[in-house]
Amino acid sequence: MIKIIKENRIFFILCLLWFIVGGIALCVYDKPTFSLWLNKNTSPSKDVFFRYATWLGDGFTIIFACIFLFFVKYRYAITATFISFLSGFFISLLKNYYNEPRPSMYFKSGEVHFMEGLKLYQWHSFPSGHTAAAFTLYCLF
């Protein structure tokens with residue numbers, strides 16, 4: 001275990017830093033205030049970037065990664081496929097259990113910036129499928 005931590009210390013340091021910064025933000029701000037602060041920091045160039053960057057957290061990215069891994073090493077591909085399926089399964093269960101509102105439903109007063117041309121869902125915001133997919137891929141790679 002110590003060998004794994006030493007070999008991947010940059011990964012673990014970045015994860016620890018992310019948890020510390022995120023933990024401080026969660027302690028200082030409540031969820032609506034933090035969401036509105038993030039939403040106010042927008043620009044047309046960020047809208048264009050995030051319109052396409054959001055697809056990186058989609059299921060197709062995991063599928064492409066698993067297919068790519070078949071050409072690298074068969075065992076990695078099987079492991080990635082199994083872990084991704086397991087992660088997606090549990091995220092779906094949790095989304096249906098919690099059924100939290102998305103920002104389009106939570107902030108109905110019009111104080112939130114939404115990009116034009118995107119379909120806005122109203123429920124099942126927690127846990128984030130994009131975050132789970134990105135974290136799964138990050139840990140696998």
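The chain has 8 helices and 0 strands. The model is predicted, and read along the sequence it follows the pattern α-α-α-α-α-α-α-α.

**Figure 1. Overall view of the chain.** The C-alpha trace spans about 50 × 35 × 30 Å along its principal axes. Of the 141 residues in the chain, 19% are buried. The accessible surface comes to about 11400 Å², and carbon and sulfur atoms account for 71% of this area. Among contacts between residues at least 6 apart in sequence, 65% join residues at least 24 apart.

**Figure 2. Helix α6 and its buried residues.** Helix α6 covers residues 74-98, 25 residues in total. From the first C-alpha to the last the helix reaches 36 Å, close to the 36 Å expected at 1.5 Å a residue. Its buried residues are A77, A80, S84, S87, I91 and K95. These buried residues pack against two other helices, α5 (59-72) and α8 (129-140). An α-helix has 3.6 residues a turn, so residues three or four places apart point the same way. After α6 comes N99, whose phi is positive, near 50°.

Figure 3. S84 lies in helix α6. Its relative accessible area is 10%, and S84 is therefore buried, the limit being under 20%. Leaving aside residues up to four places away in sequence, S84 touches I62, C66, T136 and L140.

Figure 4. F135 is found in helix α8. With a relative accessible area of 46%, F135 is partly exposed. F135 and S87 are 48 residues apart along the chain, and their C-alpha atoms are separated by 9.8 Å.

**Figure 5. Aromatic pair F11 and F12.** The structure holds 4 aromatic pairs. In one of them, the ring centres of F11 and F12 are 5.1 Å apart and the ring planes stand at 75°. This pair is edge-to-face because its planes are over 60 degrees apart. F11 is partly exposed, with a relative accessible area of 23%. F12 is also partly exposed, at 36%.

**Figure 6. Aromatic pair F85 and F89 on helix α6.** The ring centres of F85 and F89 are 6.5 Å apart, and their planes lie at 20°. The pair counts as stacked because the angle is under 30 degrees. Both residues lie in helix α6, 4 residues apart, which is about one turn of the helix. F85 is exposed, with a relative accessible area of 59%, whereas F89, at 42%, counts as partly exposed. Together with F90, F85 and F89 form one aromatic cluster.

**Figure 7. Nonpolar surface patch on helices α5 and α6.** A nonpolar surface patch of about 920 Å² is made by F60, I63, F64, I67, F70, F71, Y74 and I78. The elements that give two or more residues to the patch are α5 and α6. Helix α5 gives the most, with 6 residues. Y74, one of the patch residues, lies in helix α6. At 55% relative accessibility Y74 counts as exposed, because the limit is over 50%.

**Figure 8. Salt bridge K3 and E7 in helix α1.** The structure holds 1 salt bridge. K3 forms this salt bridge with E7, and the closest N and O atoms are 3.9 Å apart. Both residues belong to helix α1 (residues 2-7). Because K3 and E7 are 4 residues apart in this helix, they are separated by about one helical turn. K3 is exposed, and so is E7.

Technical notes. Residues numbered from 1 in each chain as written. Predicted model: local features only at pLDDT ≥ 70, side-chain atom pairs only at ≥ 80, totals over all residues. Heavy atoms only, no water. Expected span 1.5 Å × (residues − 1). Buried < 20%, exposed > 50% of the residue type's maximum accessible area, 1.4 Å probe, protein only. Contact = heavy atoms within 4.5 Å. Phe/Tyr/Trp six-rings, centres within 6.5 Å; stacked < 30°, edge-to-face > 60°. Patch = residues over 30% accessible without salt bridge, like charges linked within 9 Å, V, L, I, M, F, W, Y side chains within 5 Å. Areas by Shrake-Rupley, 256 points an atom, 1.4 Å probe, with all protein chains shown as cover. Salt bridge = Lys/Arg side-chain N within 4 Å of Asp/Glu carboxyl O.
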